[in-house]
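I opened my notebook to look a few things up in this structure. Here is what I was working from.

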Amino acid sequence: MPNKDCPKCKGVGIVKDASGIHTCWDCLNEGDLDQHTKDLKESGIKI
């Protein structure tokens, strides 16, 4: 869960700035973001 007090992303985990939309690197570096989802959706790909 992103830091709710982060001044850059305000708890969303995503920053929109002049360079575009990207992950909040401050929250990622602090370990506040889980970069691996636990809710994988069914892709429909057959192996």
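Predicted model: local features only at pLDDT ≥ 70, side-chain atom pairs only at ≥ 80, totals over all residues.

I started with leucine 33, which sits in the segment after H1. Helices (H or I, at least four residues) and strands (E, at least two) are DSSP runs, numbered from the N terminus. Buried or exposed, I asked of leucine 33? Leucine 33 counts as buried, because its relative accessibility is 16%; buried means under 20% relative accessible area, exposed over 50%, and partly exposed in between (1.4 Å probe, protein chains only).

Residues are numbered from 1 along each chain as its sequence is written, and side-chain values use heavy atoms, with hydrogens and water left out.

Next, the confidence. pLDDT is the predictor's confidence in each residue, from 0 to 100. The chain averages 82, and 83% of the residues score at least 70. Strand S2 (residues 20-23) has the highest confidence, at 91, and helix H1 (residues 25-30) the lowest, at a mean of 87.

Then the overall layout. I found 1 helix and 2 strands in the chain, and along the sequence they run β-β-α. The chain has 47 residues, of which 17% count as buried.

On to the cysteines. How many disulfides does a search of the whole structure find? The search finds 0, a disulfide being a pair of cysteine sulfur atoms within 2.5 Å. Cysteine 24 is buried, at a relative accessible area of 1%, and cysteine 27 is buried at 2%.

Last, the surface. The chain's accessible surface comes to about 4400 Å², with 54% belonging to carbon and sulfur atoms; such areas come from the Shrake-Rupley method with a 1.4 Å probe, and for residues, only the protein chains shown count as cover. I looked at isoleucine 14 too: its place is in strand S1 (residues 14-17), and it is partly exposed, with a relative accessible area of 44%.
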